[in-house]
Amino acid sequence: MSAVAAQYDTLQKLGVEVISVSVDSQFVHKVWNDNELSKMVKKDIPFHMASDGAGNVGKLFGVYDENAGVELRGRFIIDPDGVIQAMEVLTPPVGRKFSESIRQIQAYQHVRSKKGAEVCPAGWEPGKKVLKPGPDLVGNVWKVWDPFKDH
Amino acid sequence: MADENAGCARPTGATAPETPEKKTTEPQAKEIKMSVARVGTKAPDFDAPAYYRGGFTRVKLSDFAGKWVLLCFYPGDFTFV
């Protein structure tokens, strides 16, 4: 979570709010912030750190491990309509790549701003080629998008 | 006693002998209806206690309607990854 806190300004610029969730109490969250996270990111954690002691929230999102009594590393991108656009779930020993979350948010924001008239191909990042689905593009993606150059 | 590999989840090593399951024909009253989240569908709402900027409060997902939300679950405070 320190990686998310460190990049929080980037998220703010994109208009994204963060909620972190674990089974720890809100009191333990405070102590973790005060004694470790704030030292790692040189500031206090700027977002809500939710407590899900019984795993009820994790169960709703399919990321609660009943045997271990902990949440898996589940990450969800939720749009302004409350719809889940993307999810990623990792087992505990490997961390997420934060820049990939940002890339996906930017891509979904682009699609939303164009009301779906443009879509973002593999590896898309801001400034890269988008595709405009329609009859003319069927069977012709190979003419406009090169997986070696455009990815 | 050998040291155990600490791993990266919150340690939850304790085990207890299996308790015999209650034999009942009645449905479990507290069974949670599982509507597991899926992409392209509405995120289930929740309301949870939270720590936020020095204070204790609650956080409700639906209060963030109209905004983009990055919701991150993780195994536990004071773990290593």
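1. A strand, as the word is used here, is a DSSP run of E with at least two residues, numbered from the N terminus. In this predicted model, strand β5 of chain A covers residues 73–78 and holds R75(A).

2. R75(A) has a relative accessible area of 1% and is therefore buried, the cut-off for that class being under 20%. Across the sequence, R75(A) and E88(A) stand 13 residues apart, yet their C-alpha atoms are 5.2 Å apart in space.

3. What does R75(A) touch, leaving aside residues up to four places away in sequence? Within chain A the partners are A86(A), M87(A), E88(A), R96(A), S101(A) and Q104(A). From chain B come L70(B), L71(B) and C72(B). Two side-chain polar contacts can be given with distances: R75(A) to S101(A) at 3.1 Å, and R75(A) to Q104(A) at 2.8 Å.

4. The contact between the chains draws 69 residues from chain A and 45 residues from chain B. About 5300 Å² is buried between them, with carbon and sulfur atoms giving 67% of that area. On the chain B side, W68(B), L70(B) and F73(B) lose the most area to chain A, together 20% of what that side buries.

5. Polar pairing across the two chains amounts to 23 residue pairs in polar contact, both residues at pLDDT 80 or more. The salt bridge count between chain B and chain A is 1. The side chains of K67(B) and E17(A) form a salt bridge, with an N to O distance of 3.4 Å.

6. Which elements of chain B give two or more residues to the side that touches chain A? They are β1 (47–52), β2 (55–60) and β3 of chain B. The largest share is that of β3(B), with 6 residues. Sorted by class, this side of chain B has 30 nonpolar, 7 polar and 8 charged residues.

7. The largest nonpolar core has 23 residues, and the members touching the most others are M1(A), V4(A), L11(A), V18(A), F47(A), M49(A) and L70(B). At least two residues of this core come from each of α1 (2–6), α2 (8–13), β1 (16–22), α3 (26–41) and α5 (98–113) of chain A, and likewise from β3 (68–73) of chain B. A separate core of 21 residues includes I19(A), V63(A), L61(B) and L71(B).

8. L11(A) is in contact with V4(A), V16(A), V18(A), F98(A), I102(A), I105(A) and L70(B), again without residues up to four places away in sequence.

Technical notes. Residues are numbered from 1 along each chain as its sequence is written. Chains are lettered from A and ligands numbered from 1 in the order in which they are written. This is a predicted model: local features need pLDDT of at least 70, side-chain atom pairs count only at pLDDT 80 or more; totals for chains, interfaces and linings use all residues. Side-chain values use heavy atoms; hydrogens and water are left out. A nonpolar core is a set of buried Ala, Val, Leu, Ile, Met, Phe, Trp, Tyr and Cys residues joined through side-chain atoms within 4.5 Å. Buried means under 20% relative accessible area, exposed over 50%, partly exposed in between (1.4 Å probe, protein chains only). Helices (H or I, at least four residues) and strands (E, at least two) are DSSP runs, numbered from the N terminus. Contact means heavy atoms within 4.5 Å. Buried area is the accessible area (1.4 Å probe) that two parts lose on being put together, summed over both. A salt bridge is a side-chain nitrogen of Lys or Arg within 4 Å of a carboxyl oxygen of Asp or Glu. A polar contact is a pair of N or O atoms within 3.5 Å; within protein, one must be able to donate a hydrogen and the other to accept it, and residues adjacent in sequence count only if both atoms are side-chain atoms. Ala, Val, Leu, Ile, Met, Phe, Trp, Tyr, Cys and Pro count as nonpolar, Asp, Glu, Lys and Arg as charged, and the others, Gly among them, as polar.
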